[in-house]
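Please go through this report with the model open beside it.

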Amino acid sequence: QQGAKTLYKRLRFAAQQVCVPLESIALAQKSAWQTCVDTALTSAVTKINKPLVSALHNHNEIRLSKNK
């Protein structure tokens, strides 16, 4: 499980780096950046197809959607 957490953190960091050109303090740009990160991260998790990583991702999506 620790390996899955480490991989998930790396995937999230990579998604944030890919989306850096969209990063901004403006609310509309911040929303676009978050959408980019979410899309990139979901795509990466889907492509690697590792059940523990997918479970972590799904858990985080549920937790984040409750905070909105």
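## Residues and helix packing

Leu52 is partly exposed, because its relative accessible area is 47%. The scale works like this: buried means under 20% relative accessible area, exposed means over 50%, and partly exposed is in between, with a 1.4 Å probe and protein chains only. Leu52 sits in helix α3. Helices here are DSSP runs of H or I with at least four residues, strands are runs of E with at least two, and both are numbered from the N terminus.

This is a predicted model, in which local features need pLDDT of at least 70, side-chain atom pairs count only at pLDDT 80 or more, and totals for chains, interfaces and linings use all residues. Residues are numbered from 1 along each chain as its sequence is written, and side-chain values use heavy atoms, with hydrogens and water left out.

What does Leu52 touch, not counting residues up to four places away in sequence? Its partners are Gln1 and Ala4. Contact means heavy atoms within 4.5 Å.

| Pair | Apart in sequence | Apart in space |
|---|---|---|
| Leu52 and Lys5 | 47 residues | 8.3 Å, C-alpha to C-alpha |
| Val18 and Trp33 | 15 residues | 9.8 Å, C-alpha to C-alpha |

Val18 belongs to helix α1. Val18 counts as exposed, because its relative accessibility is 60%.

Asn60 is another residue of helix α3. Is Asn60 buried or exposed? It counts as buried, because its relative accessibility is 15%. Leaving aside neighbours within four places in sequence, Asn60 is in contact with Tyr8 and Arg12.

Asn49 lies in the loop between α2 and α3. It is not a glycine, yet it has a positive phi of about 55 degrees. Asn49 is exposed, with a relative accessible area of 60%.

Now the helix pair. Two packed helices are described by the angle between their axes and the distance between the axes. Helix α1 covers residues 2-18 and helix α2 covers residues 27-48; their axes come within 8 Å and cross at roughly 140 degrees. That makes α1 oblique to α2. Axes are lines fitted to C-alpha atoms, for helices over the stretch in contact, and angles run from 0 to 180 degrees between N-to-C directions. Angles under 35 degrees count as roughly parallel, over 145 as roughly antiparallel, 65 to 115 as roughly perpendicular, and the rest as oblique.

The crossing of α1 and α2 is right-handed. From α1, the contact is made by Leu7, Tyr8, Leu11, Arg12, Ala15 and Gln16; from α2, by Trp33, Val37, Ala40, Leu41, Ala44, Val45 and Ile48. These contact residues divide into 11 nonpolar, one polar and one charged.

The protein has three helices and zero strands. Along the sequence the pattern reads α-α-α. Of the 68 residues, 21% are buried. Among contacts with a separation of 6 or more, 54% are between residues 24 or more positions apart.

How confident is the predictor? The protein averages a pLDDT of 88, and 90% of the residues score at least 70. pLDDT is the predictor's confidence in each residue, from 0 to 100. Among the elements, α1 has the highest mean pLDDT (95), and helix α3 (residues 51-67) the lowest (82). Where pLDDT is low, the predicted coordinates should not be read in detail.

Key. Left-handed = near helix turned anticlockwise from the far one by under 90°. Nonpolar A, V, L, I, M, F, W, Y, C, P; charged D, E, K, R; others polar.
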